[in-house]
Amino acid sequence: MPNSLSARRCPWADGDPLMREYHDAEWGVPQRDPRMLWEMLMLEGFQAGLSWVTILRKRAAFRAAFADFDPVKVAAFGARDIERLMADPGIVRARAKIDATIRGAQIYCDMQQRGEDFAAFCWSFSDGAPILGDGKSWVASTALSEIISKEFKRRGFNFVGPTITYAWMQAVGIVNDHSLDCFRCHSAS
C-alpha cells in the first residue's frame, strides 16, 4: 500500500485524510468476519441521508455506544439504552436507525442460533467471490443489490434499501468497484 499522498486513488478518496485511509485499508477488501459484516451494514444504515465521512468520523463513538457492535449485547438493549443513545452527541441520533440497529442485532443472533452464519449468508449471493466492477462506470444499485435488499427486508432488517445495500457490498468487498487508475483496482480480491 503506498504511503504517498500522490498515489492514484478512486476520486472520492482524494482530499480528506480519513477517507483516503479508509479507501486504502478497508473499502473493497473482502470482509469475511460475520460481526464486522453486520457492523458495516448497520453503519451504512446510519449513513442514509448523510455522507460516509460523517460516519467515519463518528465510528469510534458508534462502537463505544453500541458495545463494539457485539450483536448479543446490542440485541439486549432496552429503553434505557435507547434513551442513552438518543442523548449521545457522538453518534447519529435518529431513533429509527437506533431501533433498526437493535433489531438488526436480534436478527443476527436469531440467524446464529439457527446455525446460519451471517458471513456465509452475505457471501452466498456472489458464490463467495468478489464481483469485479469494470473500473470505468459506477452505479448506485444493481439487480443483485435489489435481491439482497429484499432478502434483508424479508428477514426484518431496516435501512437496507438497494442503494444502502450496494454501498455496503462495495465497502465489505463483495463488490470491488475501484477505478481502473486506482492502485487498489482489483487488488483486494
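Biologist: What should I know about the numbering and the model before I start?

Modeller: Residues are numbered from 1 along each chain as its sequence is written, and side-chain values use heavy atoms, with hydrogens and water left out. The model is predicted: local features need pLDDT of at least 70, side-chain atom pairs count only at pLDDT 80 or more, and totals for chains, interfaces and linings use all residues.

Biologist: How many helices and strands does the chain have?

Modeller: Helices (H or I, at least four residues) and strands (E, at least two) are DSSP runs, numbered from the N terminus. Here there are 9 helices and 2 strands, in the order α-α-α-α-α-α-α-β-α-α-β from the N terminus. The radius of gyration is taken over C-alpha atoms, and the globule rule is 2.2 Å times the number of residues to the power 0.38. The chain has a radius of gyration of 17 Å, close to the 16 Å that the rule gives for 189 residues, so it is as compact as a globular protein of that length.

Biologist: What percentage of the residues count as buried?

Modeller: Buried means under 20% relative accessible area, exposed over 50%, and partly exposed in between (1.4 Å probe, protein chains only). Of the 189 residues, 48% are buried.

Biologist: How many disulfides are there?

Modeller: A disulfide is a covalent bond between the sulfur atoms of two cysteines. The rule used here asks for a pair of cysteine sulfur atoms within 2.5 Å, and the count comes to 0. Cys-182 is in no disulfide; its nearest cysteine sulfur, that of Cys-10, is 3.9 Å away. Cys-182 is buried, at 5% relative accessibility.

Biologist: Where does that leave Cys-185?

Modeller: The closest cysteine sulfur to that of Cys-185 is in Cys-182, 7.0 Å away, which is too far for a bond. Cys-185 also counts as buried, at 19% relative accessibility.

Biologist: Which residue other than glycine has a positive phi of about 50°?

Modeller: Most residues other than glycine have a negative phi. Ala-67 has the positive value of about 50°; this residue is in the loop between α3 (52-65) and α4 (71-75). Asp-68, in the loop between α3 and α4, has a positive phi near 55°.
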